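Hi everyone, thanks for coming. I'd like to walk you through a chain that may be new to you, beginning with the overall picture and then moving to a couple of local details.

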Amino acid sequence: MAKTFELNPGFPSGAAKVLEARGKRIKEKELNFNYKRYAYIYLTSAASAPEAPKDSDGDSISLFDLYEKKGLTIGIPPSGGHLSLYDIENGKRRLKPQITSVTMNQSGGGDVYNSFIREIDIAFKAYSLAQMNKIEHDLFRLGSTITLNYGWLQPLDSKHEKGSVAMTVYNFGFTMESDGTFNCTMSGISGDFMADAPRVGGLIQLTNDGEIKAMGEKPTNPVDVAGALIAMYKNAFGLDSDEKPADDGIKNGSLEHKVAEGDSNVNLFMGAIKNVGASDGFLGIGADDPFRAAFTTLKSLIYLLNKTSGDSNKQTFVIDTKGGGHYGGIQPVDRKFGSSDPRKYILPGVFADYGEENEFQSALAGAGFSDTKIDNILISIDEINQIFSNKGRTVNEIFQPPTAKEVIDELGSRIANVTGGLVQLRVERVDGNAQAQYLIVNKVSKLQAQKPKAVHRFITVGEKSHVTNISIETEFDADLMLIMTKGNVKNGNIPLGPLQSVYKEIPDIPLSKEAEDAKAKAEDEATNAKFSVGKDGLDDHKAGTIANTMKLLLTTPEGKDPKKTITPVLPFQLKLNITLPGIDGIPFLAPVGVDRLPSRFRKAGVKFLVTSTEHSFDGQGKWETNLKAVMTMGDI
């Protein structure tokens, strides 16, 4: 399989060599390098025949790219003499349109999928109506693709000192000046953003008579994914169209497996668990009945999403259960973790252990779903139906169903909540694959499988320094100041360990006896609460308590193996900003540092991970890159 996104990348060796070469030239005071470096940038709209995009797999092509482009360049490519600056209009020379500024911002934030996407803003000037007519025809097209080329003249290498980006236009405009010129702006996106375009609006044609009947006397057919799952489980478990899972006869603690009659790729389950919440019965009658829910697996859901989304069979979502890291696995495997709310989600293997009078774990093993991988997670069909209903939107007064990625993202958020963060689904593009394929991974497992890489340290002062600005920022506020008190440590409101890893002068502050007793009791009772679900039942409050306790156990590093800690606890957050002459190809999460960080932070192992890269061009030979990075600690 092609290489996927790296959550723990090294700083590129090629970029490091370029930075070292720059430092050497600065130290040696090379005239051409220090004073005569010139960066170029220009955009082009390649000429195309109107029939070119009309291929059978091109459903995601913009409507505005379905007619001919004449071929237009804005800005000056790095070739030709001074006459290349001019157009000839009516026998007179007129300046060609000139770029006045370009910014390219690549900011992944907390979403690794978005780290591939660049937001691009372009400003340029046109000098005549004739030029403006060409610009409108070729460039001002919603969803149309243009190409940006940029780099340094006489680059040190071609990978990090020059580049090319395909940009899709989503906004444009212009102002008309009194001297007859036009100030134009364009905004666009580059990178793999098309997973957010195709919607799960395709319908599934039910062919099984029982499933069609399960939709009612006058059945709706075809149906969307949620509707198909409802028809499939009602038929599989013998429920009429007006019946719900609560009408099934499955007993408390049981979990039954079926395969959809109309599609053997869809696995279905019916589970029952004692309900200690509000009665489902009439006037209290039936309150002892268990809560019943229909489920499908994550694998089955992704299969159905692939059938109803995408511009062709080339776009697919795949659960990653392969590779040395088993990025679709769930770690640590420990029976006290799992789903805090098995009415909505059930994790496979030992995670499905809910104590006495509950057979979920053995039922999953008997059905062949015991492997602790994310594809075996059971998802309530009611949850899927809610996501489809809530994530749709209205565009130009037309309802648009959610995209496959929106469904997966929302599902991931809900699963993370009920598992204390043990499972965090992420969508990643497969790099270098001819097909538009996206992997679904468990971010936690992927992070656990990767080893830290060496930090590239930028030189702040000295003969070889080539950065123009380095700064450290914090986002402290009055609320944080009020939290950082001795009393809050004694009460157990803030952990002292992470602070002492940096501020070693802070003395040990033991928990008060009341806080120590309360913490021990809460952890013990809440941990045991999961194993009491089978016998004593479940309600919303109990599910929330179990989830909070699992999160506490998974994120508190004291006395635990760091590899079993899903989220590092930082004492605070520093942010690093580095500005330097333009350089390309610094990946998201690349580890960086600076040489003049105060010794307190260096000794504590503070380093920074790049989360945003911004390139700015002025069209007059200047190219600057700004790296924004957030703090992390040691080998985490």
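There are 16 helices and 25 strands in this chain, and please keep in mind that we are looking at a predicted model. The chain has 636 residues, and 46% of them count as buried. If you take the contacts with a separation of 6 or more, 67% come from residues 24 or more positions apart.

Now let's go to helix H1, at residues 13–27. H1 has 15 residues and reaches 21 Å from its first C-alpha to its last, close to the 21 Å expected at 1.5 Å a residue. Which residues of H1 are buried? They are Ala15, Val18, Leu19, Ala21, Arg22 and Gly23. Here is a handy reminder: an α-helix has 3.6 residues a turn, so residues three or four places apart point the same way. And what covers the buried residues of H1? The cover includes helix H2 (31–35), along with the strands S7 (145–152), S20 (456–458) and S22 (574–581). Just after H1, have a look at Lys29, which takes a positive phi of about 55°.

My last stop is a hairpin. Strand S3, residues 86–89, pairs with strand S4, residues 92–95, in the antiparallel sense over four bridges. Within that pairing, Tyr86 stands opposite Leu95 in S4. Two residues lie between S3 and S4 in this hairpin, and in the turn Asn90 has a positive phi of about 55°.

Methods:
Residues numbered from 1 in each chain as written. Predicted model: local features only at pLDDT ≥ 70, side-chain atom pairs only at ≥ 80, totals over all residues. Heavy atoms only, no water. Expected span 1.5 Å × (residues − 1). Buried < 20%, exposed > 50% of the residue type's maximum accessible area, 1.4 Å probe, protein only. Contact = heavy atoms within 4.5 Å. Pairing = 2+ DSSP bridges.
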